Every structure is written in structure tokens, then in C-alpha cells.
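Let's take a walk through this structure, starting with what surrounds its ligand. Keep the 3D view open as you read.

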Amino acid sequence: MLEVLRRIVQEVNAAENLEQALGIIVLRVKQAMVADVCSVYLTNFLHQQHVLMASDGLNPAAVGTVRLGIDEGLISIVSERAEPINLDNAPDHPHYRFIAETGEERYHAFLGVPIIHHRKVLGVLVVRQRARRKFDESEVTLLVTIAAQLAGAIAHAEASGGINGLQSERRSAARYIQGLPGALGIAVGTAVAIYPPTDLNAIPDRKVDDVEAEVTAFEQAVAKVYADIQALTARIVEVLPSEDTGLFNAYLQMLSGKSLVGKTVARIRAGSWAMGALRETINEHTRAFEAMGDAYLSERASDVRDLGLRLLSYLETDTRHPREYPEQTIIAGEEITASMLAEVPHGRLAGVVSVRGSSSSHVAILARTLGVPAVMGVSDLNVGRIDGREVILDGYQGRVHIEPPPAVRSEFMRLIREETALTAGLAELRDLPAETPDGYRMPLYANTGLLSDLSISQNTDIEGIGLYRTEFPFMIRERFPGEEEQRLIYRQVLEAFEPKPVVLRTLDVGGDKALPYFPITEDNPFLGWRGIRITLDHPEIFLVQLRAMLCASSGLTNLHLLLPMISTVAEVDDTLKLLKRAYRELINAGEAIVMPRVGVMIEVPSAVYQADVIAQRVDFLSVGTNDLTQYLLAVDRNNARVAELYDSLHPAVLRAIMQVVEGAHRYNKPVTVCGEMAGDPAAAILLLGMGIDSLSMSVVSLPRVKWVIRNFTHIQAQRLLEEVLQFEDANTIRCHLNKALEDAGLGSLIRT
Ligand code: PEP
Ligand code: MG
């Protein structure tokens, strides 16, 4: 049965539109259940109706015309109760409503199960039989299983525009596909579906006689792809420094190395035609990467596939058509790679949509660097269906609107205008301090991790770097960067900001951030070998980094160190020992360095409860609300399915931060917040009220937060904090804060 189910889901996913998908469902489910009728009703929420959308067994003319009121018939009971109804004779039920045009008078037994996606009942799947009999338990559970499996596919078909006929009415209501915010902003543009030019796996095995001609054709393809990648690299260095183009160098290395090219040529020499040989080599490589079961390495597997498809497209030049990129291109794909972004002509990229990934994926980081909105993890999107259609990306909410109705479109256009006006208006705050009207100063720092961001040092709003994520330079390389290599990177950052403080965080890999050359396979990566746990276990790696940081600060005074993922006091003590050792060695070697100020990230609940103890050992604390929220609420920060539960305004998170402030201030140690929460203007008021000493955020968020700080007195912020602490959930708190922003005349901040 599992196999039957798998095949149905596969067929449904491949359907052209919703109508076809539902047609497949009713046909296949009827067969699988050995029923006389199978029908699907979908709920039209706008018109409050259940519509018969497909049927195998009922009168075909009834499909699309039969509509039941929202509380009419047995369908409404299944839908409302979100539970199956199993009846031996449907007409006996008091809620039964006979519909003559369906020709259902012949059927007695009725089994209806709800189709539920993300807690919402989308409709009802019904099977009928002529006989008077109750469906047995195994039949009921089978239909429930089928409906549960198909709900995603139905939502998918519906959301990606398979809606036609009656369902098109639903489109006039706000309709979007939910993903995760990847990079903030709103973009209106034309979707360009990025799909592999051809299907590698579809290449058949063939033998060739003229082996030499085949080898030559393959080598020519390699040379062409090599030239393409070189051209791409040249194009992307215009927007990214060479520091961030490691991926393309990796491509070039693969193309000149023995492994990929050599193995393919060997296969050709063994008699295979070039395309078949290439398919085998690429599959072998990707299987090896994927077998390592690691998120980052899977990305590398997709890079190898990308390269394979580029080669293939040259091998099949006759079927290759150049892709058109409209003025406002929104690229959409299952898995967008950095090279796909680079392919879009300069100035045309308006946004990025990716079915996979999250805000911490490479492509989201790159989109932020390029300043375009991105929506990630849009698992319900069928990419092929949005190609060439107008889409609106809401990078704030993580939503993709496909061909939105005029009202929705004009609302977004208004938001874009408001956003532009707001940004222009906020520019006027440039040289003014982040100070409340009653004289409370709140220094604002920037979060970064890309050297390409160093131009922000000219920005007078920024009082320094509050979080430099050093893992990025590690992630885009093929091996651990050496001490001198690291020193040069850190030096550039420190020099750019001197005398403003720069907080370099020690390597924070593990969890969702893996290194291609240091694979970690774990069942629970976020609860596993992460951050300081890795670096303390590998002093040879940690000491290189610490020394590089210290050396980089030679002659400067602005270096601060930050330790990620601290969950025990011993980790702090052990790190300080290593740091002192590195410091002494360098001083003995004659380096002109001073001991940096050291801070600990408070991002694990245990560290919250021991904030006072930790504070006594270091110079400052920095609250990482991204991880703190996920660990306190037990919600994976990258999982789209539970994203609704992830909210840093949850009362538990607020109370935890207050406890950190209290613990640190008892020992006169300052507390900063460097998670995304710091860049949320509404949350920033509460952090101000809590007595947080500084905030660190992405540069885009900074002017908005400054505006809030300049408009709320410290006393008002404290009062607001007291008020929201009376509430029991994040939503009520958010509403209360939004109202306070509206009342203060800062409503435009909420809308964007
Ligand atoms: C955090 O967890 O809040 C944080 C700033 O670190 P990262 O997002 O890099 O895990
Ligand atoms: Mg963190």
C-alpha cells in the first residue's frame, strides 16, 4: 500500500494543474479502496461553500456545479469536526442532504475524511459504496493516510496556480505561499524558473565507435564551461569581493582536476558515449556527498549537479536555448545556487525564491549582500508553474504572491512607496545619536560576516561591529583557513572600524552551518557538536583562530572576542585559558597587542540561569536571541513547518532576557542583544525598557530602530515592558506594541 500511495503522490505532484491532480486522486483512490465512488470537495472560504471538484463515480456534469453551504450536508460535518465520518447508510443521517444532480441515490455507504494542511481543513475526500456497510477500521485509516499525504500535494497544486473554474474565485482573496523570510524587502517582478537545462538522469546508456571524437566533444564542453565560469566570476566580483567567490574557484578546480573530468574520459574510453559517461560520474560524486548526510555537503552535491548540467547543456547544444531575464527578474528554483544568481545580468535581479533552504542558507546570505529580498523554504511552491508570471515577494513575512489580484498588488505597491519614503526619511536621522528624548543612549552596532560589507564603516550611524560571524570565510573555502589567511581578514575588519569596537565571534559551526571539509553527521545537530563545543575539542583549530585574531589587532585597541554556544561555565574557563596562553605566546614573541575584551553569547537556557556566574568571568554578555528563542521554545529556527511557533516576543524569551540583564548588571557588566530581535523596532522598545546596553543588527534594520529609540522615552519603554509582561502570549504582545508604535506616529514601521 505504501508503494501505491507513493505512486499516487508522485503522479499528483507531476500533474499540470489542480483539476488534473484531483482527477488522478479520485481515480487512483477509488481503485486503491475498491470503492464505487471517490470524490473530492474543496472549501471555497471566500464564498463559504464546499465545492465538488472531482469525482469518479458521480455524474461528471455535477463536478464544478455542486456547491454545498459551509454548514450543509455530511461534508460540512467532516470539515467542521476535522474528523472522519463513516456511515453504513448516509441518507439515514439527519445532516444528509440529497443532491439529485450527482446521481448518488444508488450509493449507501459513506466514508468522508478531512483533507488537512497546516491545521487547515482544505476539503473532504469521500468514498461511497452501493452496499449498506460500514467501512472497517483498516479502510478508514487507509483513507485518512491517503488524505494526509495528498493534502500537501493539493495545497501545492492549488497554490501554484492549478486553480481553474470555480476555484479561481478563491484567487480574489489574499493568496500566497508561505515560506521563510530570507532577506528583507518587497519585490515585484517576473518569475524566472531556474530548472536544470536537461535531466541528467534521463540520459540513456549508449556505446560509441569513434571514442576519440567523443573525448574531444567532452573536452570542448569542459573548456566552454570553464570559460563560462571564468566569465561569471568576473561578473560577480563586480558585486562581491574575491573573498566571497570561493565557490566559483571550486568549480574551476573541479573542471581542471582529475576526478570529475578524468573519470568521465576514462568511461568514454571504455566505450560509453560522453553524456552517459558524464551522468555516471556526476551521480557517483553527488551520491558520495549526499551519503555524508550533512546539509552543507548536500549543497556541495547540488554544486556538482549544477556543473554536470552545464557540461551536459554544451554536449547537447542543439537543444540549448538561452534563458531570458526580464527587467525585474525574480529567480525561483528548487535549490538556487550562487552561480544561478550570478547568471542574472547586472541590475535585473529583483528577488530570489527557493523551495529549499532557510535564512541561513548561502543563497539567502548572498541575497542580503546583494540587497534583494529573498523568500526561502517555500515547500508548497511548484517552481515550473510560476515561470513567466508576475510574483510579489514579501521578504518580511516570507511570502510569495503569485499573480496577485489588483487590490493586493496595489497594496504592495503602496508599501514599496512607503518603504522608499521611509528609507529616505530615515536618512535624515543619519548624524543624530540613537538617544531617547529623555537622554538614554543606546549604541547601535552592525552584524556582518562578509568582507564585502566593510563599506558600512563609513556609515556614521554604526558605532562598530557588534557581531562578526567568522564562520563565513570558513564556509566558502575548501579547507580551514590558515593563521595568516585569517589574520588578514580580521585585520581588514578591525582596521576599517578602528577605534570603533569590533566584536569577532569565534568559529560557530555545527547546527545548520557545516564546513564542506569538516562533515558532521548527527541526529540532532542543533543539540550536538556546535560552536564552542567544537573549537574546545580542537584546540589546534581554535588556537590558530585566537592567535590570528590577536595578531590582527596588533597596534589597534578595538578587538572584542565573543564566544558562541556557551552552556557551561567550564567552557568559559577553558576558553579563557587558551586565550591567555595564545596572548602570552604572542607577547613573548614581541607582538604589540592588548588583551581583548571578552564576551559570552547567551543563547542557551542554561546560560540564562547562570548569566550572573558567567558575567563575573568576562567583560560583557551578548544575547543571541535567534538561538535562545529556538532553544527556549523548542522550535527549530530553520523549519518552515514550525515557523509560526518561533517568536522572540514570547513571554518566556522576554523574561529570560530580563534575567540576563539582571545577572550581568549585578556585576556591572554590559549586555548587548545581537540576534535578529534587536533589529525588530517593536522588540527594540522592550529591550530599551529592560536596560539592555546596546543593540547589534543587520545594517538594513538600523535606521528603523534608531527612529524608535529617538521617539520613545526610557520611561515609556519601561512602562510598555511592564504592560506586556501582563500578557500570556507573543501575539497579544505584538499587537500591544504595534498599537504603541501607531500611537507614537511610527505606524509605517509596522507595515514594512
Ligand atoms: C543568535 O543565535 O542570535 C546569533 C546572533 O547567532 P547566529 O544567528 O549566528 O546563530
Ligand atoms: Mg547563535
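Strand S16 (465-469) and helix H21 (625-633) each give at least two residues to the shell around ligand 1, and H21 has the largest share, with three residues. Helices here are DSSP runs of H or I with at least four residues, strands are runs of E with at least two, and both are numbered from the N terminus. This is a predicted model, where local features need pLDDT of at least 70 and side-chain atom pairs count only at pLDDT 80 or more, while totals for chains, interfaces and linings use all residues. Residues are numbered from 1 along each chain as its sequence is written, chains are lettered from A and ligands numbered from 1 in written order, and side-chain values use heavy atoms, leaving out hydrogens and water.

So who sits around the ligand? There are 15 residues around ligand 1, and Arg469, Arg505, Gly624, Asn626 and Arg637 come nearest (near means a heavy atom within 4 Å). Sorted by class, the shell has three nonpolar, four polar and eight charged residues (Ala, Val, Leu, Ile, Met, Phe, Trp, Tyr, Cys and Pro count as nonpolar, Asp, Glu, Lys and Arg as charged, and the others, Gly among them, as polar).

Now zoom in on the oxygen atoms of the ligand. A polar side-chain atom of Arg637 is 2.7 Å from an oxygen of ligand 1, and one of Arg469 is 2.8 Å from an oxygen of ligand 1.

Definitions and conventions:
A polar contact is a pair of N or O atoms within 3.5 Å; within protein, one must be able to donate a hydrogen and the other to accept it, and residues adjacent in sequence count only if both atoms are side-chain atoms.
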